[in-house]
Amino acid sequence: MALHLSAFDYELLDGAHGEAAAFCMRLLTRFAEAVDAGRFIDIEAAHIDGCLYLGEVSLDFVEHLVRLKGCVRVPTTLNVGSVDLIHPELFHGDDKIGSNGARLMQAHEALGCFPTFTCAPYQTIFRPRFGAQIAWAESNAIVFANSVIGARTNRYGDFIDLCCALTGRAPYYGLHMPENRRAQVLVEIESLPQEWPDAGPTCVAVGHTIGKRCGSLIPAITGLPAHTQEDDLKALGAVAASSGAVALFHAIGLTPEAPTVEAAFQGRQPIETIRLIADDLRHTVRNLSTVPDGTPLVGVSLGTPHFSLEEFARLMPLMDGPRPIIDIYINTSRSVLSELTDRGWDTVLKAQGVTLVIDTCTYVTAIIRDMSGAIMTNSGKMAYYAPSNIGVDIAFGSLAECMASARAGKVVRL
């Protein structure tokens, strides 16, 4: 397909809007040709995943744009970095990674990006509207924006996401196009484990399954618990995007583009049907743990993706009781931290030995103090990535099980 450029695109290429924008537009043009896009569209917002320091190239690219006096053209949020700029003392990794990580985060700010430093920008004031054309990176943010909100973005990666932000343009292809958002695989949940009182474990199990079995295909899911909440859908999408390449799912009756099965499939038939029963879900959840019940723990890590205010509200009643005997880390955003402070919840959490981690996440950088044993989490994404990313064994459980285990110092089940 031939790529058609608008008059504004030519202005960008010719440098009428600055050298940095011209540099970015040249890259975007090559990218658009590679993905066979026919034209560019305006975007309303961007979310940048390149704040995590992965080597000198991370700095080289962003600082080049700073030297060219670049500035983003649309509201642009930032994903987690390598360090907690609010609590820099929490980082105990290599000094060069720490200093360059902070420098990279600050370089993005110099381009006019908002210092949100969260993998959950949808939990901030920058949450996009339904139908908005955006250019977001970070796998869980992408799938949440597409699925739960009904915004429109492809899976943009490092550098391309920033190029979209500096030009305000994105190639029109993939999930930006309505016809490409139809479901392809029907996932029918035929029975649920009755011993699971909340929807969280079910959503993690379903997300892990569709990631493994659907790849990049778009699933439509029936049979999720009626009490499924937004944070449960967040967890579903996060693990689906980690264990596979899911960028959009439809939950029938729960997500905005799927009031019915027929609407999700845009009147067409599924190419495959996956049926799940309660034992399938139990088996998937059991396999997220790499250690057996009763295993001693060195820590609990929550908030992957970042904990929302609603998740803290569910956690606070569990804070009543004896102080946990192992470390608890909760990853969250600056905006949620501000809410915690206003409510006085941060004081309660710290009194119980909780370490609040801001701007980053425990599965991507050196924050956890004791790595000599297993870590417990209620996050399917953390359970999937942590063994390879930071080299720890993982126990997966519900939020209540995580807190009970933190007090017992070993994996316990409720």
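Hi everyone, let's start in the sheet: strands E6 and E9 pair in the parallel sense, and five bridges hold that pairing. E6 covers residues 185-189, and E9 covers residues 272-276. Before I go on, please keep in mind that this is a predicted model.

If you want one spot to look at between those two strands, take Glu-188, which stands opposite Arg-275 in E9.

E6 also pairs with E7, residues 219-222. Those two strands run parallel as well, joined by four bridges. Here Val-185 has Pro-219 of E7 as its bridge partner.

Now to the aromatic rings. Across the whole structure, a search turns up nine aromatic pairs. One of them is Tyr-122 with Phe-144, a stacked pair with 3.7 Å from centre to centre and 15° between the planes. What I like here is where the two partners come from. Tyr-122 sits in the loop between helix H4 and strand E4, while Phe-144 belongs to helix H5, residues 139-149. They are 22 residues apart, and the pair links distant parts of the chain. Tyr-122 counts as buried, because its relative accessibility is 2% and the cut-off is under 20%. Phe-144 is buried too, with a relative accessible area of 2%.

Next, please find Tyr-384 and Tyr-385. Stacked or edge-to-face? Their ring centres are 5.4 Å apart and their planes meet at 75°, so this pair is edge-to-face. Both tyrosines are partly exposed: Tyr-384 has a relative accessible area of 28%, and Tyr-385 has one of 22%.

There is also a cluster to look at, made of Phe-23, Phe-61 and Phe-159, which are linked by ring pairs.

Arg-39 lies over the face of Tyr-172, at 4.3 Å from the ring centre. Arg-152 does this with Phe-130, lying over the ring face at 5.3 Å from the centre.

To leave you with a picture: E6 has E7 as a parallel partner and E9 as another, and the stacked rings of Tyr-122 and Phe-144 link distant parts of the chain.

Definitions and conventions:
Residues numbered from 1 in each chain as written. Predicted model: local features only at pLDDT ≥ 70, side-chain atom pairs only at ≥ 80, totals over all residues. Heavy atoms only, no water. Buried < 20%, exposed > 50% of the residue type's maximum accessible area, 1.4 Å probe, protein only. Pairing = 2+ DSSP bridges. Phe/Tyr/Trp six-rings, centres within 6.5 Å; stacked < 30°, edge-to-face > 60°. Lys NZ or Arg CZ within 6 Å of the ring centre and 35° of its normal.
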